[in-house]
Amino acid sequence: MPNIVIDPKKCKSCYLCVEACPRKVIKISNISGKTGSNIVEFDNTENKCTGCALCAISCPDLAITEVNK
């Protein structure tokens, strides 16, 4: 099952990954990041992530890494 790791120290809350995710498993969290805006989180509770890595590709700050388990 694919797993996404998001580095909260690198996330600048641009939300490009949220827009890029075709399965909508990247969501805006309730945690504030370095910009004061809420960072993103990986929510794969329904196992919808396919590991396409579009979220990681779209991240300009390399805050997202795909890890296959």
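**Salt bridges and exposure**

Trainee: What is the relative accessible area of Lys 12?
Mentor: Lys 12 is partly exposed, with a relative accessible area of 39%, where buried means under 20%, exposed over 50% and partly exposed in between (1.4 Å probe, protein chains only). This is a predicted model, in which local features need pLDDT of at least 70 and side-chain atom pairs count only at pLDDT 80 or more, while totals for chains, interfaces and linings use all residues. Residues are numbered from 1 along each chain as its sequence is written, and side-chain values use heavy atoms, with hydrogens and water left out.

Trainee: OK, which residue forms a salt bridge with Lys 12?
Mentor: Asp 61 does, with the closest N and O atoms 3.7 Å apart; a salt bridge here is a side-chain nitrogen of Lys or Arg within 4 Å of a carboxyl oxygen of Asp or Glu. Because Asp 61 lies in the loop between helix H2 (54-58) and strand S4 (64-68), and Lys 12 in the loop between strand S1 (2-6) and helix H1 (16-20), the pair ties together parts 49 residues apart in sequence. Helices (H or I, at least four residues) and strands (E, at least two) are DSSP runs numbered from the N terminus.

Trainee: And how many salt bridges are there?
Mentor: The count comes to three, and one of them joins the side chains of Asp 43 and Lys 27 at 3.3 Å, N to O. Asp 43 lies in the loop between strand S3 (38-42) and H2, and Lys 27 in strand S2 (residues 26-32), so this pair ties together parts 16 residues apart in sequence.

Trainee: Switching over, is Glu 46 buried or exposed?
Mentor: Glu 46 is exposed, at 59% relative accessible area, and its side chain meets that of Lys 48 in a salt bridge of 3.9 Å, N to O.
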